[in-house]
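Here is a short briefing on one protein model. It covers domains, ligand shell, sheet and helix packing.

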Amino acid sequence: MNKAIFSENFNLNTYTTIKVGGVAEYFAEPRSIDEFYYLIKWSNLHNKRCQIIGAGSNLLINNIFIQGLVICTKKMRSLTIDPYSGIVEAEAGVMLPTLSNSLAKNRLQGGEWAVGIPGTLGGAIYMNAGTGDLSLAKNLVSVKVVNNKTNEKLEIEKKDLNFDYRFSSFQGNNFAIISAKLHFEPNGNLEKLIQTTKNNLKLKTETQPYDQPSFGSVFKNPANYYAAKLIEEMGLKGFKVGGAEISTMHSNFIINNSSASSKDIYELITVIQQKVLQNKGIYLQPEVRMIGFDYPS
Ligand SMILES: Cc1cc2nc3c(=O)[nH]c(=O)nc-3n(C[C@H](O)[C@H](O)[C@H](O)COP(=O)(O)OP(=O)(O)OC[C@H]3O[C@@H](n4cnc5c(N)ncnc54)[C@H](O)[C@@H]3O)c2cc1C
């Protein structure tokens, strides 16, 4: 394999926003779709498990040896915007803040909410990332993927995919997302779009521990409840396990106060789940995806 895009025994802790992670047997950051495809074919040929990560902003990776190949898409960031039709074609590694700001500058409406989400487009499709009633699925037209078991490439239209609150079909199949086509409303008011986008980012930084290492909301909101409120009602704000702490700013965030291990964070997740289950009878389902634990990756 091309050594320039490939490392062995690679420490992943700087590849997650919460700054913990294990050591990948093989690691690569392809710069193009061809390299990405080549890496997936390589993993199949050598019978190596292949796991895709984006910006690692929704990921808890156990501090263990991760067998197989981990591919990070962050360097696949080609973005084409047609301001007249509103059609956008973007590779999996395009960051949502870049996308959101570029849409506003091109007078396209509908992506202003995404400015404060520090993930890639691929990760956002996989997670159906969003805020309030808005989520990525709304503007999706189609997704280009490669089946990471058979190497088959295909383009899937939105109508053939399922999306729900922080859920997409990709959480239950073997597809690696290569790129996507999206549609946004053209001819918006430039000043208004730029201002709304700025305001959305400001709101995020004022209400969430945005500058501290975290992976965003830890748990999904259960039907008719807010996870943050349930955690707060348990008196857990500021509660710590080792270097992992429940944020005092937003109770559904765990922050790494510089010395947390993956185990500390995992244990804190379990403590929260147990307390809320015992006292409220509600099971909090993690939104965060896990690699190297018993939870689904
Ligand atoms: C400060 C902060 C604020 C946040 N705010 C929000 C918010 O408001 N709303 C929200 O929804 N989320 C939020 N998040 C969570 C996170 O940013 C989103 O879930 C984001 O979409 C994850 O993208 P990522 O590239 O970081 O994915 P990763 O964390 O790298 O991966 C997440 C999952 O997607 C899979 N995946 C990633 N890329 C691909 C690909 N190309 N093909 C197949 N599978 C892939 C991974 O295997 C993994 O299972 C926040 C996180 C932080 C740190």
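Domain bounds here come from an automatic or database domain assignment. On that basis, the C-alpha centres of domain 2 and domain 3 lie 28 Å apart. The model is predicted: local features need pLDDT of at least 70, side-chain atom pairs count only at pLDDT 80 or more, and totals for chains, interfaces and linings use all residues. Residues are numbered from 1 along each chain as its sequence is written.

**Domains**
- The protein is divided into domain 1 (3–72), domain 2 (79–207) and domain 3 (227–291).

**Ligand shell**
- The ligand is surrounded by 33 residues, counted when the C-beta atom, placed from the backbone, lies within 6 Å of it.
- The closest are G54, G119, G122, G123 and G216.
- Two or more residues each come from β3 (50–53), α3 (121–127), β8 (130–131) and β14 (175–183). Helices (H or I, at least four residues) and strands (E, at least two) are DSSP runs, numbered from the N terminus.
- The most come from α3, which gives five residues.
- By class, the shell has 16 nonpolar, 16 polar and one charged residues. Ala, Val, Leu, Ile, Met, Phe, Trp, Tyr, Cys and Pro count as nonpolar; Asp, Glu, Lys and Arg count as charged; the others, Gly among them, count as polar.
- Domain 1 (3–72) and domain 2 (79–207) each supply at least three residues to the shell.

**Sheet**
- Five strands form an open sheet in the order β6-β7-β14-β10-β11, with antiparallel pairing. Two strands pair if DSSP finds at least two bridges between them.
- The edges are β6 (79–81) and β11 (153–157), and each pairs on one side only.
- From one strand to the next, the twist averages 15°.
- β6 pairs with β7 (residues 87–91) in the antiparallel sense over three bridges.
- L79 has A90 of β7 as its bridge partner.

**Helix packing**
- Helix α1 (residues 33–45) lies across β7, β10 (140–147) and β14, and runs at about 150° to β14. Axes are lines fitted to C-alpha atoms, for helices over the stretch in contact, and angles run from 0 to 180 degrees between N-to-C directions.
- The axes of α2 (residues 96–105) and α4 (residues 190–207) come within 8 Å and cross at roughly 160°. That makes α2 roughly antiparallel to α4, a term for angles over 145 degrees.
- S100, N101 and A104 of α2 make the contact with L193, I194 and T197 of α4. Contact requires C-beta atoms, placed from the backbone, within 7 Å.
- This α2 and α4 contact has three nonpolar, three polar and no charged residues.

Definitions and conventions
Angles under 35 degrees count as roughly parallel, over 145 as roughly antiparallel, 65 to 115 as roughly perpendicular and the rest as oblique. Two residues are in contact if their C-beta atoms, placed from the backbone, lie within 7 Å.
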